[in-house]
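User: Can you walk me through the strand pairing in this one? I have a few quick questions.

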Amino acid sequence: MLRDATEEDVNLMLSWRNQEINRLASKTHHVISADEHARWWAAARTDPTRRVLIYLRDGLPCGVVNFFDLRFDPPRTGSWGFYLDADALAERGETLPAWIDVMRAAVDHAFDVLNLDRLDGEVLAHNTAVRQMNRRFRFVEGTGRIEIHDGREITVIPISLDRAARRRR
């Protein structure tokens, strides 16, 4: 289940984003400061092209789904990303089920609530597990490009999912 993020979620979002596994799967891998996060949240919560949602598992907040660059003129498109409370989910042995569930919830939200025609994203080339999961959800990879973030060179691969290609339950 997804719900809108609120002020009460800000510290949770920051703690999850700073978990090592989430930093290593992101373009920027430095520890996000409270000030940096506060600036992001101040901009994100008022941006009409963005939606920040909290993923709930068994009623507990367990992750963030971030939709951004939303375009509501045809074709309706948007980009997305997510991260989970990896540490707590791993302790409970729920990482894989939560990962599948949050992806399903995000794709459903993109097409059923935001009514997008295409959902875009990015994945780091070295993140083979995420790439495999993306394929399971029928995302198509584009051509990778080299970028420099936090002093490291990474290959970023664009992904997209068209409404017609979406896997239905």
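This is a predicted model: local features need pLDDT of at least 70, side-chain atom pairs count only at pLDDT 80 or more; totals for chains, interfaces and linings use all residues.

User: Which residue of strand 5 is the bridge partner of T77?

Analyst: R118 is the partner of T77.

User: And how many bridges join strand 5 to strand 8?

Analyst: Seven, and these two strands run antiparallel. Strand 8 covers residues 152–162.

User: What stands opposite D120 there?

Analyst: S160, in strand 8.

User: Why is strand 5 described as largely enclosed?

Analyst: Because five of its seven residues, 118–124, are buried. Buried here means under 20% relative accessible area.

User: Switching to helix 5. How many residues does it have, and what is its reach?

Analyst: Helix 5 has 19 residues, 95–113. It reaches 25 Å from first C-alpha to last, close to the 27 Å expected at 1.5 Å a residue.

User: Which residues of helix 5 are buried?

Analyst: The buried ones are A98, W99, I100, V102, M103, A105, A106, V107, D108, H109, A110 and F111.

User: What about N115, is its phi positive or negative?

Analyst: Positive, near 60°. N115 follows helix 5.

User: Last topic. What does the UniProt annotation cover?

Analyst: The unreviewed UniProt entry annotates residues 2–139 as "domain: N-acetyltransferase".

User: How much of residues 2–139 is helix, and how much strand?

Analyst: The span is 42% helix and 27% strand. Its end C-alpha atoms lie 21 Å apart.

Key:
Residues are numbered from 1 along each chain as its sequence is written. Side-chain values use heavy atoms; hydrogens and water are left out. Buried means under 20% relative accessible area, exposed over 50%, partly exposed in between (1.4 Å probe, protein chains only). Helices (H or I, at least four residues) and strands (E, at least two) are DSSP runs, numbered from the N terminus. Two strands pair if DSSP finds at least two bridges between them. The expected span of a helix is 1.5 Å times one less than its number of residues. UniProt positions are given in the numbering used here, feature names are shortened, and annotations may be inferred rather than shown by experiment.
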